[in-house]
Protein chains: 2
Amino acid sequence: MKKWRCKVCGYIHEGEQPPDVCPVCGVGPEEFELVDSAPAPAKPKRWKCTVCDYIHEGDEPPEVCPVCGVGREMFVLLEDVVQQLTAASVQNSTEGTSRAALDKISYGLYVVSSIKAGKLNGQISNTVFQLTDPPLRIAVCLNKKNLTHEYISETGCFTVSVLGQEQFDMVRNFGYRSGRTADKFADVPYVAGKNGCPILCNCMAYLEGRVIPDKVLDVGTHHLFVADVTGGMVVDERAALTYEYFRSNKQKK
Amino acid sequence: MKKWRCKVCGYIHEGEQPPDVCPVCGVGPEEFELVDSAPAPAKPKRWKCTVCDYIHEGDEPPEVCPVCGVGREMFVLLEDVVQQLTAASVQNSTEGTSRAALDKISYGLYVVSSIKAGKLNGQISNTVFQLTDPPLRIAVCLNKKNLTHEYISETGCFTVSVLGQEQFDMVRNFGYRSGRTADKFADVPYVAGKNGCPILCNCMAYLEGRVIPDKVLDVGTHHLFVADVTGGMVVDERAALTYEYFRSNKQKK
């Protein structure tokens, strides 16, 4: 009897042919590979480029990193980098170590914009994320002190402009200062969304949101706004700006 | 009179010396640069590597991309890549275009784990994010059908293991299948958090969470759980696995 392994989830099927559908993860027969009756080969070593984090598999590190071009001396065995968490160290975690761990969560960077009585405003946010589909719903977390929080609390409408990787200038324009003392849209090309809120013309994608009134959660210094997505579009296929990328490169740009 | 520009926010200060504190963004005098009385130089052209998204500034593209090594023929002017959103196109957005835009939000990948009556379970989640500090609070969004949702709803406790960039095997182990039919921790080294929930020994960082009972929000197919962070730690300094990285590389690994 032949054995077939699902390349997605590892499920093993026995039979002359792979199954039509993987009973575990649902993929089709094209995702199955024949399992040799010989024992599985030993796992290759994994080498990590210490400059760009590229992972190379093989007995030896590559002569040159194919991603960033540094030589083999910049590679280390991945198992030497990965630390093993111990039961004892878990007992020593503190608020300080927890805060450091929170820093390892990945985010993008967005301009969340609103309009009230003809006045436009926008702020930088990293906490925009999808909740459900269907219906298309997102959440946005905003500091109660921010002008955008005030506008959205009153109008229930906003837009999210997704920033491209090179738009450090927009982080500087919409972050670091308040719309109470600056007109942040003074020099920024924008168009009005269907809900009237401004969208950056050179964003890489945008979303329009309508807050669901009974789904605004007070979480302390911030409110978490749950919103139905009422519009949105991909503008172009640039890479998205992540918070990690901004942090690592803001001194260089 | 000299003019000084804040390199962080662009604020212009007039005086013999830079100010002690930027009145807009709060940075110190070391972040100010003297503004020449001559007009500002024209902005350099920006060239985008179409292979790795590296941005080069200069009149010409570089001979070789310093990040991925391809030649100058692979560079395009950034302004040719960036599309400008128009007021007319905004009117044409649909649920389909909105869904495509939602795909441009950036996420990490995490194993959210729980324990109930001695039974362990974990699932992959991309929606883990910080809400406030202080107090240290996070939110996690879970599908109501998932076993982890059932466990956390009953116990109020969970852990988040932040995955390193190379841990595709953990996505395959904890995703694509249900803890109702598989013991996902059978072959995975773990330690118990202070709250008893399992944490992957080879995660790069972890968090422990305690759900705030009156801050669980029903958002449709999912519940959004707001939790106080009761522990956490960085384990090592690997790069974090992002959803975008997983999606782009899962066929290769």
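User: Which residue is the bridge partner of B:Lys48 in E6(B)?
Analyst: B:Lys48 is bridged to B:Val76 in E6(B). Strands, as DSSP runs of E with at least two residues, and helices, as runs of H or I with at least four, are numbered from the N terminus.

User: Before we continue, what are the ground rules for the model?
Analyst: This is a predicted model, in which local features need pLDDT of at least 70, side-chain atom pairs count only at pLDDT 80 or more, and totals for chains, interfaces and linings use all residues. Residues are numbered from 1 along each chain as its sequence is written, chains are lettered from A and ligands numbered from 1 in the order in which they are written, and side-chain values use heavy atoms, with hydrogens and water left out.

User: Back to that pair. How many bridges link strand E4 of chain B and E6(B)?
Analyst: Strand E4 (residues 46–49) of chain B pairs with E6(B) over three bridges, in the antiparallel sense. Two strands count as paired if DSSP finds at least two bridges between them.

User: In what order do the strands of that open sheet in chain B run?
Analyst: The order is E5-E4-E6 in chain B, three strands in an open sheet with antiparallel pairing. Strand E5 (55–57) and strand E6 (75–77) of chain B are the edge strands, each pairing on one side only. On average, neighbouring strands of this sheet are turned by 35° against each other, direction ignored. Axes here are lines fitted to C-alpha atoms, for helices over the stretch in contact, and angles run from 0 to 180 degrees between N-to-C directions.

User: Now chain A. Which domains does the assignment give?
Analyst: Chain A has domain 1 (3–35), domain 2 (46–84) and domain 3 (110–249); the bounds come from an automatic or database domain assignment. The centres of domain 1 and domain 3 of chain A, taken over C-alpha atoms, are 43 Å apart.

User: How many helices and strands does chain A have?
Analyst: Chain A has six helices and 15 strands. Its radius of gyration is 24 Å, well over the 18 Å that the globule rule gives for 253 residues, so chain A is more spread out than a compact globule. That radius is taken over C-alpha atoms, and the rule is 2.2 Å times the number of residues to the power 0.38. The C-alpha trace of chain A spans about 75 × 45 × 45 Å along its principal axes.

User: What share of the residues of chain A count as buried?
Analyst: The share is 53% of the 253 residues of chain A. Buried means under 20% relative accessible area, exposed over 50% and partly exposed in between, with a 1.4 Å probe and protein chains only.

User: How many residues of strand E10 of chain A are buried?
Analyst: Six of the seven residues in strand E10 (residues 137–143) of chain A are buried. E10(A) pairs in the antiparallel sense with strand E9 (residues 128–132) of chain A over four bridges, with A:Gln130 opposite A:Ile138. Strand E15 (residues 222–234) of chain A also pairs with E10(A) in the antiparallel sense, over seven bridges, and there A:Val140 stands opposite A:Phe225.

User: What joins E9(A) to E10(A)?
Analyst: A hairpin joins them through four residues. A cis peptide bond joins A:Asp133 and A:Pro134, with omega about -10°. Another cis peptide bond joins A:Pro134 and A:Pro135, with omega about -10°.

User: Where is B:Gln165 found, please?
Analyst: B:Gln165 is in the loop between E11 and helix H5 (168–174) of chain B.

User: And is B:Gln165 buried or exposed?
Analyst: B:Gln165 is buried, at a relative accessible area of 14%. Leaving aside neighbours within four places in sequence, B:Gln165 is in contact (heavy atoms within 4.5 Å) with A:Asp53, B:Ala239, B:Ala240, B:Leu241 and B:Tyr245.

User: What is the phi of A:Asp53?
Analyst: Phi of A:Asp53 is positive, about 75°, although A:Asp53 is not a glycine. A:Asp53 sits in the loop between strand E4 (46–49) and strand E5 (55–57) of chain A.

User: And what is phi for B:Ala117?
Analyst: B:Ala117 has a positive phi near 50° and is likewise a residue other than glycine. B:Ala117 is exposed, with a relative accessible area of 82%, and lies in the loop between E7 and E8 of chain B.
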